[in-house]
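Hi,

Here is the structure I promised to pass on. Have a look at it first, and then read my notes on the charged side chains below.

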Amino acid sequence: MESGDRPVCIVAGGEADRAVKTRSRRHDERGSAAIEAVIGVPAFVLFVGLIIFGGRTATTHAAVESAAADAARTASIARTSSEARQEAIAAAEASLTNQDIHCLNVRVVVDVGDFSKPVGTAGSVTATVECLLHLADLSVPGVPGSRLVRASSTSPLDTWRERG
């Protein structure tokens, strides 16, 4: 074939010079990108929402564990049970605030029963911190509007220190 010649097709009947169809459109693909977007975008948004949910929950759980440890340690250093309870609550709330954790409700329970034990007897203080985590802004199906995150920590009392 020389340059400038058209492709030809010779058929059994002898017809010549008929242009060969170079591409056949069996399926019309117009609009397929829109359909892919309609299916793909909501799935992607759901996936991102679940990642955010998991991240928020994990971060909050780590912060609540840290707050419980701070509360228990602070309570174990106090001289009296009432002082231990007050300082533990303040320490837990300060810990959550410092970690920029925003709970709908924070509850701190401090078990200071071992403060009544006599000096020379081993004892401990247990602090439990509960944080009601706000998740309603995610709007992901299957994700609750809030979730309770709870952690406890125990710290020993000094065996030979005076207790009140």
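Glu 130 is buried, with a relative accessible area of 13%. Keep in mind that this is a predicted model. The partner of Glu 130 is Arg 150, and the closest N and O atoms of this salt bridge are 2.7 Å apart. Glu 130 sits in strand 4 and Arg 150 in strand 5, so their pairing ties together parts that are 20 residues apart in sequence. Arg 150 itself is partly exposed, at 47% relative accessible area.

Another of them links Asp 137 and Arg 56, with 2.9 Å between the closest N and O atoms. Asp 137 is in the loop between strand 4 (123-134) and strand 5 (146-157), while Arg 56 belongs to helix 1 (residues 32-77), so this pair ties together parts that are 81 residues apart in sequence. Asp 137 is partly exposed, with a relative accessible area of 47%, and Arg 56 is partly exposed as well, at 26%.

Then take a look at Lys 117 and Asp 114, whose side chains meet in a salt bridge at 3.6 Å, N to O. Is Asp 114 buried or exposed? Asp 114 counts as buried at 19% relative accessibility, because the cut-off for buried is under 20%. Lys 117, at 31%, counts as partly exposed.

Cheers

Methods. Residues are numbered from 1 along each chain as its sequence is written. This is a predicted model: local features need pLDDT of at least 70, side-chain atom pairs count only at pLDDT 80 or more; totals for chains, interfaces and linings use all residues. Side-chain values use heavy atoms; hydrogens and water are left out. A salt bridge is a side-chain nitrogen of Lys or Arg within 4 Å of a carboxyl oxygen of Asp or Glu. Helices (H or I, at least four residues) and strands (E, at least two) are DSSP runs, numbered from the N terminus. Buried means under 20% relative accessible area, exposed over 50%, partly exposed in between (1.4 Å probe, protein chains only).
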